[in-house]
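Hello,

Please find the structure below, followed by notes on what was found in it.

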Amino acid sequence: MKVVIVSDTHRKNQSFFRVVEAEQPDMVIHCGDSEGSEYALTEGVSCPVHLVMGNCDSYSMGLPKEMMVEIGPYMAWVVHGHTYCANLGSRVLKAMAAEKGADIVFYGHTHIPEIELDGDVIAVNPGSLSYPRQAGRVPSYCVMTLNEQQEAGFEIKYIEEKE
């Protein structure tokens, strides 16, 4: 199984569609700040797309603030992160995920990719496909795979923007 995790696309959807086409995932998780693109991001995509609301999204869009998603034997808590101190690291997010019974927390907001495997909860921030903030400022996303033994692997991937 392959899951693509993205965040903070901010209505710049061309990179999103390039990633989905290249990866051919079984599921896509968007960690917020689609800025009204939720319908565009689900049209023409042949797998389930799960989206949550970010701090730049309107309440009128009807997106949930957070959700639980089952991925094989794992339970993932998906949240944007701005209301859980994401700018200060993943400590609060991991504690809340554990409280909710999640094995993984997927979050965005910082625009900086990170995979944190230590502790009981895995924390994954895919960065941003539109406005990256890490060194080099290259758009990023994450791919989660499950092997035949249902063990999870995570990889941050980068894309070069096309002119």
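Which residues is F106 in contact with, leaving aside its neighbours within four places in sequence? They are I5, I29, C31, I71, A76, W77, V78, V79, V124, M144 and F154, where contact means heavy atoms within 4.5 Å.

This is a predicted model, so local features need pLDDT of at least 70 and side-chain atom pairs count only at pLDDT 80 or more, while totals for chains, interfaces and linings use all residues. Residues are numbered from 1 along each chain as its sequence is written, and side-chain values use heavy atoms, with hydrogens and water left out.

F106 is also one of the residues with the most contacts inside the largest nonpolar core, which has 21 residues. Such a core is a set of buried Ala, Val, Leu, Ile, Met, Phe, Trp, Tyr and Cys residues joined through side-chain atoms within 4.5 Å. Buried means under 20% relative accessible area, exposed over 50%, and partly exposed in between (1.4 Å probe, protein chains only). Another core, of 18 residues, lies apart from it and includes F16, V28, L51 and M61.

C31 is buried, at 0% relative accessibility. The count of disulfides (pairs of cysteine sulfur atoms within 2.5 Å) comes to 0. For C31 this is because the closest cysteine sulfur, in C142, is 9.3 Å away, too far for a bond. C56 is in no disulfide either, its nearest cysteine sulfur being that of C31, 14 Å away. C56 counts as partly exposed, at 41% relative accessibility.

G108 is buried too, with a relative accessible area of 0%. Residues that G108 touches include C31, V79 and N125.

Regards
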